[in-house]
Amino acid sequence: MKLADNKATLSFSNGSPSVDLPVYSGSIGPDVIDIRKLYAQTGMFTYDPGFLSTAATQSAITYIDGDKGELLYRGYPIEQLATTSNYLDVCHLLLKGELPNSTESTDFHKLVTNHTMVNEQMQFFLRGFRRDAHPMAILTGLVGGLSAFYHDSTDINNPKHREIAAIRMIAKMPTLVAMSYKYGIGQPYMYPQNNLSYAGNFLRMMFGTPCEEYKVSPVLERALDRIFILHADHEQNASTSTVRLCGSSGTNPFAAIAAGVACLWGPAHGGANEACLNMLEDIQKMGGVAKVGQFMEQVKDKSSNVKLMGFGHRVYKNYDPRAKLMQETCNEVLAEMGLENDPLFKLAKALEKIALEDDYFVQRKLYPNVDFYSGIVQRAIGIPVNLFTGIFALARTVGWIAQLNEMIGDPEYKIGRPRQLYSGSVQRDVQPIDQR
């Protein structure tokens with residue numbers, strides 16, 4: 001960042017002296033007012049619930065312009081990356097800052113592929129969970145459990161250790177997600193197969209069995225790879241901020257990623273596509289396509305408390321750039337699986353049509369977002385609804401690691417310590433129990 005030509009002046013109506021605050025500019029996006037010395041100069045904190053107007057860090061990884069509907073990874077538009085690159089090349093971009101050349105791509109793919117297996121003891125760790133446990137509960141435990149196995153890469157101040165931990169996390173995450181699924185349905189775990197792509201290998205570990213050879217569908221493989229790319233990073237969101245805050249204490253990198261997995265689980269974050277499919281199933285129970293109009297009228301009525309999931313986005317005030325890409329993939333997958341006439345998917349199409357044409361939703365820019373389409377795609381592939389967030393965590397792992405590594409390498413980084421506006425009781429004395 002660079003110091004801007006102008007500065008901000010904070011004035012007070014009570015006669016206190018005004019304070020000049022530096023202003024910094026990034027390469028693109030809004031300028032920031034530097035308030036690091038605000039408390040020392042004024043004895044006050046800023047108040048910003050949800051940190052909606054606070055830049056807690058400077059980052060060169062991902063940029064979002066919600067008004068324009070733009071998403072850039074290291075400066076590259078998501079539309080270009082999703083149509084010309086594969087997920088592991090995008091991982092290389094996020095981690096190292098540049099897209100790989102042919103040799104670098106081959107080496108990076110091989111490096112990740114050679115680390116996809118997990119310690120055999122992980123399957124015994126799994127047995128401690130109930131068979132009907134939510135996959136995200138299992139995944140949170142498994143990712144945190146990795147810290148018990150890899151003591152040679154836990155010094156976060158050592159760049160080589162961080163690189164080793166990054167490769168291990170990216171490589172092993174598909175294996176752990178697939179294991180959590182197989183455990184829940186009682187099928188044997190499938191070991192990774194090194195001659196398959198990252199997405200193809202995951203499909204085989206999920207849906208293959210030792211009984212017969214599993215043939216990877218190129219359409220499903222491409223669809224899953226695109227899901228991974230579109231979810232790889234999304235700037236300073238809740239789970240990324242959680243990873244950064246957790247990692248700022250110097251904790252084990254696997255533990256920091258486990259914290260991100262736990263945060264992602266929430267329905268307001270990574271659980272949005274799961275909530276979207278649950279909504280579609282509820283409408284189906286009400287009567288399906290015939291009841292879509294009635295449901296949408298309930299959505300318009302604020303007193304009904306009926307929420308429309310999978311539409312609109314907190315960041316994008318325009319169309320989510322990932323949604324159009326996922327819409328194309330959605331149509332390809334439904335055609336490949338012969339599911340164009342599936343009742344639930346016909347219902348989704350009817351919902352989509354109303355949202356794109358009805359003035360109420362158009363004026364409020366409540367367009368279908370990436371969660372709406374990715375949920376439909378995953379269900380068509382055969383991924384159970386309760387595993388959707390696990391797929392999200394798999395894809396986002398590289399973003400979390402890139403953000404964590406960037407923070408640790410930042411000379412200005414400090415342990416996170418948010419402040420508060422205290423509104424509780426003032427100091428008081430403890431009374432004897434018989435006088436309370």
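# Pockets, rings and cavities

User: Which element gives the most to the lining of the second largest pocket?
Analyst: Helix α9 does, with six residues. Keep in mind that this is a predicted model.

User: What volume does the second largest pocket have?
Analyst: About 380 Å³. The pocket has 27 lining residues. Those closest to its centre are Asn86, Tyr87, Ala199, Glu221 and Asp225.

User: Which elements give two or more residues to that lining?
Analyst: They are α2 (78-84), α3 (87-96), α4 (102-113), α7 (159-185), α8, α9 and α14 (321-337).

User: And how do the residues of that lining divide by class?
Analyst: There are 12 nonpolar, 10 polar and five charged residues.

User: Switching to rings. How many aromatic pairs does the structure hold?
Analyst: It holds 12. Take Tyr198 and Phe228 as one of them. Their centres are 5.9 Å apart, with 80° between the planes. That makes the pair edge-to-face.

User: Where do Tyr198 and Phe228 lie?
Analyst: Tyr198 is in helix α8 (residues 198-207), and Phe228 is in helix α9 (residues 218-230). So the pair ties together parts that are 30 residues apart in sequence.

User: Are Tyr198 and Phe228 buried or exposed?
Analyst: Both Tyr198 and Phe228 are buried.

User: Which residues form one aromatic cluster with those two?
Analyst: Tyr87 and Phe202. Tyr87 also lines the second largest pocket, where it is among the residues closest to the centre.

User: What about Phe372 and Tyr373, how are their rings arranged?
Analyst: That aromatic pair is edge-to-face too. The distance is 5.2 Å centre to centre, and the planes are 80° apart.

User: Why does Phe372 count as buried?
Analyst: Because its relative accessibility is 1%, and buried means under 20%. Tyr373 counts as buried as well, at 1%.

User: What does Glu352 touch?
Analyst: Leaving out residues up to four places away in sequence, Glu352 touches Phe311, Gln327, Pro368, Phe372 and Tyr373. Glu352 itself sits in helix α15 (residues 343-357). It is buried, with a relative accessible area of 7%.

User: Which ring does Arg131 lie over?
Analyst: Arg131 lies over the face of Tyr183, 4.2 Å from the ring centre. Another case is Arg379. Its charged end sits over the ring of Phe345, 5.4 Å from the centre.

User: New topic, Glu336. Which helix is it found in?
Analyst: Helix α14. Glu336 counts as partly exposed, at 41% relative accessibility. Its contacts are Ser217, Val219 and Leu220, not counting residues up to four places away in sequence.

User: What separates the C-alpha atoms of Glu336 and Asp5?
Analyst: A distance of 56 Å. Along the chain, the two residues are 331 residues apart.

User: Now cavities. How many of 30 Å³ or more are there?
Analyst: Four. The largest cavity has about 110 Å³ of space.

User: Which residues line the largest cavity?
Analyst: Among them are Met117, Val118, Glu120, Met179 and Tyr191. By class, that lining has seven nonpolar, three polar and one charged residues.

User: And how much space lies in the second largest cavity?
Analyst: About 70 Å³. Its lining includes Arg162, Met169, Phe254, Ile401 and Asn405. Helices α7, α11 (253-264) and α18 (388-409) each supply at least two lining residues.

User: How does the lining of the second largest cavity divide by class?
Analyst: Nine residues are nonpolar, one is polar and one is charged.

Notes. Residues are numbered from 1 along each chain as its sequence is written. This is a predicted model: local features need pLDDT of at least 70, side-chain atom pairs count only at pLDDT 80 or more; totals for chains, interfaces and linings use all residues. Side-chain values use heavy atoms; hydrogens and water are left out. Rings of Phe, Tyr and Trp (its six-membered ring) pair if their centres lie within 6.5 Å; planes under 30 degrees apart count as stacked, over 60 as edge-to-face and the rest as tilted. Helices (H or I, at least four residues) and strands (E, at least two) are DSSP runs, numbered from the N terminus. Buried means under 20% relative accessible area, exposed over 50%, partly exposed in between (1.4 Å probe, protein chains only). A charge sits over a ring if NZ of Lys or CZ of Arg is within 6 Å of the ring centre and within 35 degrees of the ring normal. Contact means heavy atoms within 4.5 Å. On a 1 Å grid over the protein atoms alone, a cavity is a set of points where a 1.4 Å probe fits but cannot get out, and a pocket is an open set with protein on both sides within 12 Å along at least five of seven lines; lining residues have an atom within 4 Å of a point. Grid points are joined across faces, edges and corners, and a volume is the space filled by probe spheres set on the points. Ala, Val, Leu, Ile, Met, Phe, Trp, Tyr, Cys and Pro count as nonpolar, Asp, Glu, Lys and Arg as charged, and the others, Gly among them, as polar.
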